Amino acid sequence: MSVRELVVLGTASQVPTRHRNHNGYLLRWDGQGLLFDPGEGTQRQMLRAGVAAHDLNRICVTHFHGDHSLGLAGVIQRINLDRVPHPVTAHYPASGQRFFDRLRHATAYRETVRLVECPVAADGELDRTESYVLEARRLWHPVESYGYRLVEPDARRMLPDRLAEHGIAGPDVGRLKQRGELNGVTLDDVSEQRRGQRFAFVMDTRLCEGVHALAEGADMLVIESTFLDEDIQLAVDHGHLTAGQAAEVAARAGVRHLVLTHFSQRYADPTEFERQARAAGYTGELTIAQDLSRVPLPKRG
């Protein structure tokens, strides 16, 4: 059975707190594991969340501020220590190659795993697998930053009542799928288009075109909301979003499930983020991320 869920490893912004670790987010997508922005302490949070190094297939870094990348050294060494049997691909801004190199080789260890470096230098498609296309879009932050988006290819949903109506059953269903037509019955007669799921990951940024492009039509949007709306000038000054801004993006984009995260240490009460997101007009499913929580992707419509 396929599993698609977000495992939240950390939700703090620049400074961790007693209850919030630095950033870290694992997306389980069927048999794949994508680790986003491993901040300091990610390896320990993985242990607490029941995430093994063997679960990782990709590491996606949005930018090279410490709260989003200092955990890379430990995660990469753990992948090698545990002798993960498959290659692991790393995506990160190309302009930060020197930071990636330093973190990858921060201390001495034996390399046993093939780590494939795939730096991001422009908007567009990064990779394509059977179950998703991985894309990147440039964000607006004091250092070069990219957001990521997974798009599942559209498929066909077979309709049992129409199949029965046309007398198609058993192996004939597979033949019809393969050929597109069987005994005068077309695939359109007995099925409908099933839209693929979409997941978007947006971290440190001001509002920009990239934010909206990543969020458009997402089934789940994980997005920073570092500040509350009353501190919007701080958000602008430091290249971040407020809870209201993030919610407005989600409402405009038709996001089904909004996950707010990356909270400034100045706020102790997370309920205010939810109140401001609702006040901004977002009416879909809403999660205020907490460390070590699991958030399932919405079921397909």
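The questions and answers below go through a predicted model and the grounds for the terms used about it.

Q: Why is Arg4 called buried?
A: Its relative accessible area is 12%, and buried means under 20%, so Arg4 counts as buried. Arg4 is in strand S1, residues 4–10.

Q: What makes the link between the side chains of Arg4 and Glu152 a polar contact?
A: The distance is 3.0 Å, and the limit for such a pair of N or O atoms is 3.5 Å. The side chains of Arg4 and Gln197 are also joined by a polar contact, at 2.8 Å.

Q: Which residues does Arg4 touch, not counting residues up to four places away in sequence?
A: Among them are Arg28, Trp29, Asp30, Pro296, Leu297 and Arg300. Glu152 and Gln197 are on the list as well.

Q: What makes S6 and S18 the edge strands of their sheet?
A: The sheet is open and has 7 strands, in the order S6-S5-S4-S3-S2-S1-S18, with mixed pairing. Strands S6 (115–117) and S18 (294–296) each pair on one side only, and the twist averages 20° from one strand to the next.

Q: How do you know that S1 and S18 pair?
A: The test is at least two bridges between the strands, and 3 bridges join S1 to S18, which run antiparallel. Val7 stands opposite Arg294 in S18.

Q: Which strands does H3 lie across?
A: Helix H3 lies across S3, S4 (58–60), S5 (88–91) and S6, and runs at about 175° to S4. The buried residues of H3, which spans 72–81, are Leu72, Ala73, Val75, Ile76, Ile79 and Asn80. Arg83 follows H3 and has a positive phi, near 50°. Helix H4 (residues 97–104) lies across S5 and S6, at about 170° to S6.

Q: What is the strand order of the open sheet that contains S14?
A: The order is S7-S8-S9-S14-S15-S16-S17, which makes 7 strands with mixed pairing. S7 (124–128) and S17 are the edge strands, since each pairs on one side only. Direction ignored, neighbouring strands of this sheet are turned by 15° against each other on average.

Q: How do you know that S9 and S14 pair?
A: At least two bridges are needed, and S9 (residues 146–151) and S14 have 4, in the antiparallel sense. Arg149 stands opposite Ala200 in S14. H10 touches S15 and S16, and its direction makes about 160° with that of S16. H11 touches S16 and S17, and its direction makes about 150° with that of S17.

Q: Which residues have the most contacts inside the largest nonpolar core?
A: They are Leu221, Ile223, Val255, Leu258 and Leu260, in a core of 30 residues. Elements that each supply at least two residues include S14 (198–202), H8 (209–215), S15 (220–224) and S16 (257–261). H10 gives the most, with 6 residues. Leaving aside neighbours within four places in sequence, the contacts of Leu221 include Ala200, Val202, Ala215, Ala250 and Val255.

Q: Why is His257 called buried?
A: Its relative accessible area is 2%, and the cut-off is under 20%, so His257 is buried. His257 lies in strand S16. Not counting residues up to four places away in sequence, His257 touches Asp219, Met220, Leu221 and Tyr282, among others.

Q: Why is the pair of Phe36 and Phe199 called tilted?
A: The ring centres are 5.8 Å apart, and rings pair if their centres lie within 6.5 Å. The planes are at 40°; under 30 degrees would be stacked and over 60 edge-to-face, so the pair is tilted. Phe36 lies in strand S3 (residues 32–36) and Phe199 in strand S14, so the pair ties together parts 163 residues apart in sequence. At 0% relative accessibility, Phe36 counts as buried, and Phe199 counts as buried at 0% too.

Q: What makes the pair of Tyr92 and Phe100 stacked?
A: Their planes are at 10° and their ring centres 4.2 Å apart. Planes under 30 degrees apart count as stacked, so this pair is stacked. Tyr92 counts as buried at 0% relative accessibility, and Phe100 counts as buried at 1%.

Note on methods
Residues numbered from 1 in each chain as written. Predicted model: local features only at pLDDT ≥ 70, side-chain atom pairs only at ≥ 80, totals over all residues. Heavy atoms only, no water. Core = buried A, V, L, I, M, F, W, Y, C linked by side-chain atoms within 4.5 Å. Buried < 20%, exposed > 50% of the residue type's maximum accessible area, 1.4 Å probe, protein only. Contact = heavy atoms within 4.5 Å. Polar contact = N/O pair within 3.5 Å; in protein donor to acceptor, adjacent residues only side chain to side chain. Axes fitted to C-alpha atoms, helices over the stretch in contact; angles between N-to-C directions. Phe/Tyr/Trp six-rings, centres within 6.5 Å; stacked < 30°, edge-to-face > 60°.
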